[in-house]
Each structure stands twice: as C-alpha cells, then as structure tokens.
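Please have the viewer open as you read.

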Amino acid sequence: MSSSPSGSKRPLSPFMIGPYYRPQLTSTLSILHRITGVALSAGALGFAWWLLATAAGPHQHVVFDNFIRSLPGTVLLLLVVFSLVYHWLNGLRHLLWDAGWGLEIPRAYATGWVVVALSGVLTAGIGWAMIATRGAA
Amino acid sequence: MSLRHPLARVRGLGSAKEGTGHWVAQRITAVALMPLAVWFLVCAFGLGSYADARAFLAQPLNAVLTAALVFCIFHHAQLGLQVVIEDYVHLRWLEIVLQVVVKFTAFLAGLASLLAIVRIVLGT
C-alpha cells in the first residue's frame, strides 16, 4: 500500500497507539492479540518439530526433549503457554463481538479486565503444572 | 450505480470482493481451535516421554484430532499473519516476499506434520 498507481495515499488501518492516542486497555489488548498470534505462529513450528521428531525416532526426539527442558526452551515454552492462554481468551472475546455481544464500552472494558486476570492465573497455573509434572531432565 | 469512472475505481485499488471468505475462514478455524487446543493442552501433560508420545499419536482418534489441530493451526496462522503483514509492512517488494514465505512455510510445516502423524499411525 506504499502508493497506488494513481498516486493517492489513503491510510489503511493506521497505527494509532503512541503519538496519536494514549494507550488504553482496549487498544493495548488489541495489539497484544496480534503479538501473541505471531508468537503462536512461531510456536506452531515448534509443535511441528515435536511431531517430526516423534515420527523420526528416539534419537531425534531426545534432541527436542533436551531443548524443551533447557532454560531457553522452558522460557520459550512458557511464552507460548501465555500466548495460547491470552489469544484463546481474547479470541473468545472477539467471537462474542462478532456475534454482536459486548460491544458497549463498559462491557468491552469489563471483558478486557477478565481476560487480563484469567490470563495471569491460567498461565501461572498451567506453567507451574507443566514444570511440576515433567520432572527432572 | 456508481458515478465513478471505472478507470478511477481500478486506479484507486478498491475492493477485490474476496475479504469475506478470508474473514469467515479465520473465524471457523478459530471456533474449531478452541476445543482442540484445550483437548491437546490437557493431553500434553501425559506426553513427556518418547514412548508416551508415540502411544498417544498411534491411537486413531488422537491421530485424527491432532491432524485436525495441525490443519487449523497452520491455516489460521497464515490467515492472521497475512493481515499483520498487509498492515505493517509498507515496502512493497518485502511485503510480497514475506507473504509468499509465510504461505510456503505454513503449507510445508503443515504437510510435514500431517505426514509425521501418518508415519506414527502406520508404525514406520
């Protein structure tokens, strides 16, 4: 959309956070939905790696296993868990909007805070359960 | 009837009339992913070892649901990444390169994942 043949420069989905608007809960959660979506796309490649390693055999699987149990692997796994929890909850919020429910400003803020609170609680709970159940490397 | 000259409409790069299909597909895959993601997350707690993972994926029902999960994940991901690139990458050649890279990567990773599941089910 840099320039159309006629030379007109019409804005498409202008990025308004920052110089034009102060950050609000609604706009911050909106951009976080996209950021976690991009993160989950990277996480999807990790999921594909797990499937391919499991199909390839024990020697390839242990390479994946060592990575996911390492410190960088654990940090990435927790980031993917947070992204999944947040994107799932906020995605439900989006689907409800698409159905015409919850578009009023007070309700949009209320559901936004619910998503923030539940994301924190569920990420902490799932993250703790994962580390607790997988045992020592 | 539009009062605009057809040439003006073309030069203005108006609607390609394909947006609705993209919008609907993104939401249908989202609805499918909601239960599939919860199901897999719950199952993932029992998939720590190689033997557990093989045994889980060898079960026909688990294999089908995991294959559906793979399809929905990569379809949904490439639909979403397409819009992110459209909105934020304003260098035209880079936008096109990224769009093609995303489509190819999503297709290949999805295909490889599905074939991996088939290999496990067949026990090869």
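## An aromatic cluster

In this predicted model, one aromatic cluster is formed by Phe47(A), Trp50(A), Trp39(B), Phe40(B) and Phe56(B). Over all chains, the structure holds nine aromatic pairs. Take Phe47(A) and Trp50(A): their ring centres are 6.1 Å apart and their planes lie at 15°, so this pair counts as stacked.

Where do Phe47(A) and Trp50(A) lie? Both belong to helix H1 of chain A (residues 25–56), three residues apart, which is about one turn of the helix. Phe47(A) has a relative accessible area of 12% and is buried; Trp50(A) is buried too, with 8%.

## The interface in numbers

Now for the two chains together. Chain B brings 43 residues into contact with 38 residues of chain A. About 3,400 Å² is buried between them, and carbon and sulfur atoms give 72% of that area. On the chain B side, Met34(B), Phe45(B) and Tyr50(B) lose the most area to chain A, together 19% of what that side buries.

## Polar links and helices

The rule finds two salt bridges across the interface of chain B and chain A. In a salt bridge, the side chains of Arg27(B) and Asp98(A) meet at 2.7 Å, N to O.

Which helices of chain B supply at least two residues each to the side that touches chain A? They are H2 (19–44), H3 (50–58), H4 (60–88) and H5 (92–122). H4(B) gives the largest share, twelve residues. By type, the residues on this side of chain B divide into 27 nonpolar, nine polar and seven charged.

Terms used: Residues numbered from 1 in each chain as written. Chains lettered and ligands numbered in written order. Predicted model: local features only at pLDDT ≥ 70, side-chain atom pairs only at ≥ 80, totals over all residues. Heavy atoms only, no water. Contact = heavy atoms within 4.5 Å. Buried area = accessible area lost by both parts, 1.4 Å probe. Salt bridge = Lys/Arg side-chain N within 4 Å of Asp/Glu carboxyl O. Helix = DSSP H or I, 4+ residues; strand = E, 2+ residues; numbered from the N terminus. Nonpolar A, V, L, I, M, F, W, Y, C, P; charged D, E, K, R; others polar. Phe/Tyr/Trp six-rings, centres within 6.5 Å; stacked < 30°, edge-to-face > 60°. Buried < 20%, exposed > 50% of the residue type's maximum accessible area, 1.4 Å probe, protein only.
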